[in-house]
Amino acid sequence: MIFGRRGKERLLEAVAGFEAAVRGRDGARSERGIREMHRYFADAADHEVAQAGPRLSALLPQVPVEPRGLIAVIVGACVERGAQAPQCAPGVFDGLAEALEGAGEFCARWEATGGGDLPEPRPGDPDPVIAERVGQEAAAGWWTLPQWEMASVAMLNDPSVRTGLDDGRRAELLAAVRSVRDASGHDFKCLEYALLVLDDEPLVVLHRPSGTGYALRMSGIGDNFQLHTLLADVLVGGGHVPGRAPSAREAAVCRDAPGQVPTTGAFNLVTPGGEWVWNEGTPTDIPVVQGARLLVLDPPPYERGWPAGRFFPGMPADVVLERVMAEEEARGWFAHCVDAR
């Protein structure tokens with residue numbers, strides 16, 4: 001959770017004061033409004049939080065660039081407390097795109113003015129020397145990008161936001177975050193992986209040792225550790241293939257239960273071409289063949305363990321078995337695969 005619970009039921013009053021201050025370009029009153037929103041957020045009534053999120057999101061374009069990321073974090077906290085993510089997400093994603101553009105410009109100007117290790121963004125405003133070197137907006141883009149990452153992940157935890165995000169917009173945001181990652185060497189993994197999450201995605205799984213095939217759908221899965229555990233739960237736990245089945249708790253924490261528990265892998269995940277699908281990656285690493293992602297399960301070459309759980313603790317996930325394929329259908333899918341290496 002972005003914020004804890006403290007304060008009185010005066011959140012909307014603080015939001016109204018902040019709105020007036022921003023529109024009146026009153027910097028001192030704006031700072032006071034931010035402090036009051038922090039102060040009153042934790043114990044605000046649910047209806048206050050539900051109203052505050054969309055109001056603050058709509059205000060984001062008018063907020064000065066330096067505190068804009070912080071306001072986005074407050075919007076994210078409102079969504080975590082029940083504000084409607086689809087209403088809040090457009091303003092946050094617009095701000096994220098601007099921050100990524102500024103961060104990209106920051107990296108380019110930093111390199112052009114002598115390079116060196118990039119400064120780590122810290123709470124507060126950038127050092128004036130840094131802002132003078134690369135420009136205020138570029139510095140703010142880099143400095144606030146972790147805040148935009150936090151706020152955007154809070155939006156993307158909601159499946160309706162993910163499915164409602166235009167493919168072109170998603171591709172633009174992914175390209176921008178990867179460009180900043182490559183230029184800076186800084187890992188924005190949470191943002192990148194959240195933008196890669198698939199929903200209601202067809203998945204064909206072939207179990208090579210038994211020659212069987214399965215049609216499934218997956219949603220909300222952050223990484224392949226999570227996918228691996230859920231596949232073992234559905235296929236081994238469901239009695240379809242041999243191996244070690246996860247415990248009920250191991251499977252639950254990968255779907256919607258809190259926490260993490262140790263687990264052990266049941267398979268080796270492989271592409272149709274024979275390349276390993278690393279647990280550290282995401283389900284988008286699985287190639288699409290004839291409209292479905294096609295994954296092969298081989299025996300594990302060695303025992304691998306990891307903490308079972310959700311990559312995004314606020315994002316429910318699932319893998320659902322739609323049907324066990326007939327032998328002929330499974331053979332047809334195996335025809336797309338190379339022999340085991």
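Which residues in helix 9 meet which residues in helix 10? The first legend below takes up this question, and the others visit further spots in this predicted model.

**Figure 1. Helix 9 and helix 10 meet side by side through a set of named residues.** From helix 9 come Arg170, Leu173, Leu174, Val177, Arg178 and Arg181, and they meet Leu191, Glu192, Ala194, Leu195 and Leu196 in helix 10. Helix 9 covers residues 167–184, and its axis comes within 10 Å of the axis of helix 10, with a crossing angle of roughly 155 degrees. That angle makes the two helices roughly antiparallel. As helix 9 passes helix 10, the crossing is left-handed.

**Figure 2. Helix 4 and helix 5 form another left-handed crossing.** Helix 4 spans residues 65–80 and helix 5 spans residues 85–112; their axes come within 10 Å and cross at roughly 155 degrees. Helix 4 is therefore roughly antiparallel to helix 5. On the helix 4 side, the contact is made by Arg68, Val75 and Val79. Helix 5 contributes Ala85, Cys88, Val92 and Glu98.

**Figure 3. Gly82 sits in the loop between helix 4 and helix 5.** Now look for Gly53, which is 29 residues away from Gly82 along the chain. The C-alpha atoms of these two glycines are separated by 9.1 Å.

**Figure 4. Tyr193 and Phe311 form a tilted aromatic pair.** When you look at two aromatic rings, the distance of the centres and the angle of the planes describe the pair. For Tyr193 and Phe311, the centres are 5.1 Å apart and there are 35 degrees between the planes. Tyr193 belongs to helix 10 (residues 189–196), while Phe311 is in the loop between strand 7 (305–308) and strand 8 (318–324), so this pair ties together parts that are 118 residues apart in sequence. Tyr193 counts as buried, at 12% relative accessibility. Phe311 also forms a pair with Phe312, and that one is edge-to-face: 4.7 Å from centre to centre, with 80 degrees between the planes. Phe312 counts as buried too, at 4% relative accessibility. The count of aromatic pairs comes to seven.

**Figure 5. Ring pairs link four residues into a cluster, and a charge sits over one of the rings.** The members of the cluster are Phe106, Trp110, Trp142 and Phe188. Look at Trp110 again: the charged end of Arg133 sits over its ring, 3.5 Å from the centre. You can find another arginine over a ring elsewhere, where Arg304 lies over the face of Tyr302 at 5.2 Å from the ring centre.

**Figure 6. Ala330 is a buried residue of helix 13.** Helix 13 runs over residues 327–334. What is the relative accessible area of Ala330? The value is 1%, and because buried means under 20%, Ala330 counts as buried. Leaving aside neighbours within four places in sequence, Ala330 is in contact with Leu206, Gly211, Thr212, Gly213 and Met325.

**Figure 7. Arg25 and Gln290 each have a positive phi.** Most residues other than glycine have a negative phi. Arg25 is not a glycine, yet its phi is about 55 degrees. You will find Arg25 in the loop between helix 1 (11–23) and helix 2 (27–41). Arg25 counts as exposed, at 77% relative accessibility. Gln290 has a phi near 50 degrees and lies in the loop between strand 5 (288–289) and strand 6 (292–298). Gln290 is exposed as well, with a relative accessible area of 63%.

Figure 8. Along the principal axes, the C-alpha trace spans about 70 × 50 × 35 Å. The chain has 341 residues, of which 52% count as buried. Take the contacts between residues at least 6 apart in sequence: 74% of them join residues at least 24 apart.

Definitions and conventions. Residues are numbered from 1 along each chain as its sequence is written. This is a predicted model: local features need pLDDT of at least 70, side-chain atom pairs count only at pLDDT 80 or more; totals for chains, interfaces and linings use all residues. Side-chain values use heavy atoms; hydrogens and water are left out. Rings of Phe, Tyr and Trp (its six-membered ring) pair if their centres lie within 6.5 Å; planes under 30 degrees apart count as stacked, over 60 as edge-to-face and the rest as tilted. Helices (H or I, at least four residues) and strands (E, at least two) are DSSP runs, numbered from the N terminus. Buried means under 20% relative accessible area, exposed over 50%, partly exposed in between (1.4 Å probe, protein chains only). A charge sits over a ring if NZ of Lys or CZ of Arg is within 6 Å of the ring centre and within 35 degrees of the ring normal. Axes are lines fitted to C-alpha atoms, for helices over the stretch in contact, and angles run from 0 to 180 degrees between N-to-C directions. Angles under 35 degrees count as roughly parallel, over 145 as roughly antiparallel, 65 to 115 as roughly perpendicular and the rest as oblique. A crossing is left-handed if the near helix is turned anticlockwise from the far one by less than a right angle, and right-handed if clockwise. Contact means heavy atoms within 4.5 Å.
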